[in-house]
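Subject: Structure handover

Hello,

Here is the structure I promised to pass on. Please open it first, then read my notes below.

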Amino acid sequence: MAEQIPFTDADRNDGVEPDMVDQNAAPASEATGSGVQPMNMIQALNSAIDVKMSEDANVLSFGEDAGYFGGVFRVTDKLQQKHGLTRSFDAPISECGIVAAAIGMGAYGLRPVVEIQFADYIYPAYDQIVSEAAKMRYRSGGQFTSPIVVRSPYGGGIFGGQTHSQSPESLFTHIAGLKVVIPSNPYDAKGLLIAAIEDDDPVVFFEPKRLYNGPFDGWHEKPVSPWKAQDLAQVPTGKYVEPIGKARVMREGNDVTILAYGTMVWVALAGAEHAGIDAEVIDLRSLVPLDIETIEASVKKTGRCVIVHEAPKTSGFGGELSALVQERCFYHLEAPIARVTGWDTPYPHAFEWEYFPGPQRVADALKSVMTGGR
Amino acid sequence: MNDKLSQKNSRPLSLRVPEPSGRPGDAPDFTHLSMDPAGAVERPDVATTPYEMRDHAFRLIRVLDDEGQAVGPWNPRLDPETLRRGLKAMILTRAFDDRMHRAHRQGKTSFYMKCTGEEAIAVAQGMLLSREDMGFPTYRQQGLLIARGYPLVEMMNQIYSNAADPIKGRQLPIMYSAKDYGFFTISGNLGTQVPQAVGWAMASAYKGDDKIAISWIGDGATAEGDFHNALTFASVYRAPVILNIVNNQWAISSFQGIAGGLETTFASKAIGYGLPALRVDGNDFLAVWAATQWAEERARSNQGATVIELFTYRGAPHSTSDDPSRYRPGDEHEKWPLGDPLDRLRQHLTVIGEWDDERHATALREAVEQVRAAGKESEAIGTLGQSRPSVKTMFEEVYATEDWRLIEQRREVGV
C-alpha cells in the first residue's frame, strides 16, 4: 500500500528548483532559535514538530517510513537522530494500527503526531478516526480525550494518479469531534501544526503536497517559483502559534470573494490575476472550526462568491460553504455562488490538468459571477 | 462451462460454509472440543520464548478438577478470602445482570447485555490487576467494575440514561466509562479497543511507567483487522499489554467457526505474530487468575504482550434484542462440559472447607439486597425517559471548546 513513486522527479519536471528538494538539506531544526529563515513547507512542518518535541516530552512522532528515513517527503527528517529512537520511529504499514496506537497514547496522556503517508491511505484508519478519536471526549463524558494529530500529505498536481492525489477533507469535516486543518504556506504550516499538537482534540492535518516545494499556482506548464521568494516562507525558527479557526485574507478585493484552501489558494490568486478582477481571496486554513465571521464580512462586502477546491464537487466542502454563504449573505448576493472543483470522477493520471482546477477555470468562474451568473 | 471442465478432466470446486455441531432441536454435541484434564498443562517460565511454548495455544489450562480440587502447576494458591471475594463478586455480577435484564423487560431501559457464564473472566482479572492499569473492555466485562467496587447505582444511572448518568446520556446502555477504575470507555464498534490498548501500553513503556494495559475481544471480532493490527504493534514494540480473546462460542448467531475457530484455536493466532499464547478454561476462576498473573508478570518485566484465549460459553442471549433459541440448541449452555464458573468456584470453596450452603444463601441474599438498594436509588433519579441530563449537555464536550456551530445550534434548540 505504501509504495514509493518518484514525485520529486515530477516536481523537477515542473520546474521546482533543485535546491528546494535537496534531500540532504538540513531541515530547520533550530527549535530554540529566535531568528527568521526562509523555509519550504517541508522544513516548516519539520520545525513545528521539532519545536514541540523539544519543549514537551509527551510529544512523539511515528508513521510509515517516518522514523530513521524521515518520511517519504522528509517532513520528519532527522527528528529521530535529534530526539531519539523512541520519540520518532517507523510504524508497520497499518494505518488503522497507527491511529489506534495514537489514540491509546493520547488516552494515556501523550500527544502523538502520526503520519499517514498519503491521504489516499487514510481509509483503513477511518473507523479509528471517526468512531473512536472523534467521539472519545463526548462518549466518555470528558473522562478520556484524543489529543492527537493525524498528518497526511494530500491533494493532487504531482502526477500521483488516483492513489496519491485525493482530497478527502469532506469525509472528516462531516464528523463531529474532529478538527480539519489545511495550510497553504510555510508560515501557516508551522504555526498551525504547533497549534494542532497543542490542541486537546483530534486534528486531521492535511498538507497539500503540491505546495511542499513552492507556491504552485496551477499554471503547470510554467516554471514554479520556489518558496524563498515569498513573504509567507519567512518562518521564525522558534515557537509561534497560529490559531486554528482563523482564516487568512491573502488578497483584499472588492468585487468578489474567493474561498479556497491548500493549493487552491495559489490557484485562486492566479485566477483572479488572469481575469483581471479585484477579488478578495480568503485562505480558510481550517475547515473545522471555520472562520465564518471573515467569510460573512467579505461576501457582504463583495456581494459575490466563488468557492474553489480540488476535491470532487458532489458533497465536497464547497457545498457546505455555499450553503453557509447563502444562509447568511443571501440578501447581499448579486449573483449565484459558483464552485470550481475537481470533477466527480476518480483522480485521473493522464488527465491531471483537465481534472485539477486551474487558474483558467477560476478566471472563467469569476467572469461568470461578475456578469450575474449563468 | 461444465463441458470445458470435463475436457480438462477437472472436478468442479465446491464452497465450504462452516456449520455448528447443533441447531435448535438438536442435542448439544461437544465431541469436537478437545480439552486437557485439570492440572495437565505445564506452566512455563515467563521468560520462555513464544516459539518454545507454542503448544500452549492448543492446550487448555485448567486448575479446578471435577471434584472441585485445585490441581497442577497453574494453581495460583489463592487464600480463601480472595476466593470468597471472587465468588461474591461473581454472584453480585449475576444478580445485577438479572435485575437489569428484568428492568429492560419492564420497559425501564432500551437495551441490556448479560455476561452469564463469563463472570469469572472479568472478575478474576479485575481483582488481579490494579485500577491504575488500563482495561479496554468489550460490553461483557461488567464484572470488572463490580469486582472493583464501582457503585452499582452509577452503572444503573448509565443504563437508564438518567440525570445522574456519568456519561450524560450519550451512550447506549452498558457502554460504561470509568477512568478511575481502570475501565476505558466502551466503543460498541468491535475490536477497535485492542490496538488502542496496545498504544496505551506503548505510552506507559515510553514514559518508563510501571502500568500495563489489558484488553478484551470476542471470538467473532478477532476477524476484524484491528485485532491483527494490534497483534503486530504489540509484537513489534513489545508492548506491556494482556490481549484477551473471550471465546464464548457465539457472535450473536454466528458460531465461532465463522471466525475461523474450526481450523485452529483463537489463541494460536498469536503464534504468527511471535507472541506467547495461553488457552485457558474461562469458567475456572483459578485458571483465569493464574494465566493472567503469568501474562501480567511478563508484561511488567518488560517482556511484552501475551494473548490469552478464554474458553467459555455465552449463556445468555447476545443482548435483549436477541433470541438464541432460533439458532442454537436450547440446552447447550446447561450441557457445556466446562460447567458454570460460579458453581465451580463455590464447589472448590466448599471442598476446602471455606464455604457452605448457608454462607452461599447469605451471599445470594446480600447480593440481591445490594442490587435492589442500588436499583431503588437509581430509579428514584429516574429510568429511561423519566429523567435525563439537561438537553444543553447534548452540545457539550464535542470539543474542548464549543465552536460557533454548536453555540448556534444549541440556541436553535432553545437551551
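Which strands does helix H2 of chain A lie across? Helix H2 (residues 41-55) of chain A lies across strand S2 (59-63), strand S4 (111-115) and S7 of chain A. Relative to S2(A), H2(A) runs at about 135°. Bear in mind throughout that this is a predicted model.

The sheet in chain A

Those strands belong to an open sheet of 7 strands. The order is S3-S2-S4-S5-S7-S6-S12 (chain A), and the pairing is mixed. At the edges stand strand S3 (88-90) and strand S12 (286-288) of chain A. Each has a single partner strand, so one side of each is left without a neighbour in the sheet. From one strand to the next, the twist averages 20°.

Look next at one pair inside that order. Strand S6 (residues 179-181) and strand S7 (residues 203-208) of chain A run parallel, joined by 3 bridges. Lys179(A) has Val203(A) in S7(A) as its bridge partner.

A further helix packs on the sheet: helix H8 (residues 186-198) of chain A. H8(A) touches S2, S4, strand S5 (149-154), S6 and S7 of chain A. The direction of H8(A) makes about 160° with that of S7(A).

Where the chains meet

Now for the contact between the chains. On chain B, 35 residues are in contact with 35 residues of chain A. H6 and helix H7 (225-236) of chain B each supply at least two residues of the side that touches chain A. Which helix gives the most to that side of chain B? H6(B) does, with 10 residues. By type, the residues on the side of chain B that touches chain A divide into 17 nonpolar, 12 polar and 6 charged.

Helix H6 of chain B

Helix H6 of chain B covers residues 193-206, which makes 14 residues. From its first C-alpha to its last it reaches 20 Å, close to the 20 Å expected at 1.5 Å a residue. Of the 14 residues of H6(B), 13 are buried, so the helix is largely enclosed by the rest of the structure. Gly208(B) follows H6(B), and the phi of Gly208(B) is positive, near 70°.

Domains of chain B

Last, the overall division of chain B. The domain assignment gives domain 1 (37-384) and domain 2 (391-415). The C-alpha centres of domain 1 and domain 2 of chain B lie 37 Å apart.

Best wishes

Notes: Residues numbered from 1 in each chain as written. Chains lettered and ligands numbered in written order. Predicted model: local features only at pLDDT ≥ 70, side-chain atom pairs only at ≥ 80, totals over all residues. Domains from an automatic or database assignment. Helix = DSSP H or I, 4+ residues; strand = E, 2+ residues; numbered from the N terminus. Expected span 1.5 Å × (residues − 1). Buried ≥ 20, exposed ≤ 12 C-beta atoms within 10 Å, placed from the backbone. Pairing = 2+ DSSP bridges. Axes fitted to C-alpha atoms, helices over the stretch in contact; angles between N-to-C directions. Contact = placed C-beta atoms within 7 Å. Nonpolar A, V, L, I, M, F, W, Y, C, P; charged D, E, K, R; others polar.
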